[in-house]
Amino acid sequence: MTSPAGGGAGHGPLPRRRLGATPREVLEAVLVAAVFALFVKAFLFETYSIPSGSMEESLLVGDHVVVDKVAWAPRGLPWGPLLPRRPLRRGDVVVFRDPVVPGRDLIKRAVALGGETVEIRGKRLRVNGDELDEPYVVHRDPAVLAGDAVPESVRSRDEMPPRVLPAATFLALGDNRDESRDSRTWGPVPLGLLRGRALLVYWSVRPPAEGFSGRSAGVRRSLDGAIHFFPRTRWDRTLR
């Protein structure tokens, strides 16, 4: 008598091969993925979308950016010594907690650091007495708001007397200087509010001509983005 293919004399039937994963294995995989994603978001990288034009033309409304959180991660972490840290540098585009509105994140450019003397004369920023070369800055209002006849709250947009930034702070300004609410309004930003450094634009999309409002605004916005993904995507800004 011939034995079944693959079987030998004295052996029982081959075990059945299990197809697919059990619900427990699927749940474990989902939990591991979720924990890893939370770890990455908390300590390594996070994504943000740009909601306003305060950083134009460097960042446009509808840009989606990747933010590096490694360089300034909390020092108390067990793996802290292994992280590629570096100090904040003038010119970095950074995400930080709003000093005025708790829980809100802002994105601006760090233009001066603690211990430096800053001044604005006729829209021009000076650091330690030297006027900075800022090719990324946009001024859309040619008028210079200066003089005693201009309220101080308005004058600070274009004129700021010399001041020394306290240690462990930085001056945050928007590139779209005439249309940005920043350190000219609420002063230097403590380094402890830093969340990360903007690395690149991974996707950029032109916003719809009309905004969405109401209880279903989120759903309609998502559907609109999916339908118009290709025609509205600004491909020339991808990975910029």
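The structure holds 21 salt bridges, a salt bridge being a side-chain nitrogen of Lys or Arg within 4 Å of a carboxyl oxygen of Asp or Glu. This is a predicted model, in which local features need pLDDT of at least 70 and side-chain atom pairs count only at pLDDT 80 or more, whereas totals for chains, interfaces and linings use all residues. Residues are numbered from 1 along each chain as its sequence is written, and side-chain values use heavy atoms, with hydrogens and water left out.

| Pair | N to O distance |
|---|---|
| Asp98 and Arg104 | 2.6 Å |
| Asp105 and Arg195 | 3.3 Å |
| Glu46 and Arg195 | 3.5 Å |

Arg195 forms salt bridges with both Glu46 and Asp105, and a network of salt bridges links Glu46, Lys69, Arg97, Asp105 and Arg195. The pair of Arg195 and Glu46 salt-bridges distant parts of the chain, since Arg195 lies in strand E11 and Glu46 in strand E1, 149 residues apart. Strands here are DSSP runs (E, at least two residues), numbered from the N terminus.

Accessibility is classed as buried under 20% relative accessible area, exposed over 50% and partly exposed in between (1.4 Å probe, protein chains only). Glu46 has 12% relative accessibility and therefore counts as buried, while Arg195 at 22% is partly exposed, as is Asp105 at 26%.

Strand E3 (residues 93-97) pairs with strand E11 (residues 194-204) over 3 bridges, and Val94 has Arg197 as its bridge partner in E11.

Val94 also belongs to the largest nonpolar core, which has 12 residues, among them Phe96, Leu106 and Trp186; such a core is a set of buried Ala, Val, Leu, Ile, Met, Phe, Trp, Tyr and Cys residues joined through side-chain atoms within 4.5 Å. E3, E4 (105-113) and E9 (169-173) each supply at least two residues of this core. Leaving aside neighbours within four places in sequence, Trp186 is in contact with Phe96, Pro99, Val100, Leu106 and Arg181, contact meaning heavy atoms within 4.5 Å.

Technical notes:
Two strands pair if DSSP finds at least two bridges between them. Helices (H or I, at least four residues) and strands (E, at least two) are DSSP runs, numbered from the N terminus.
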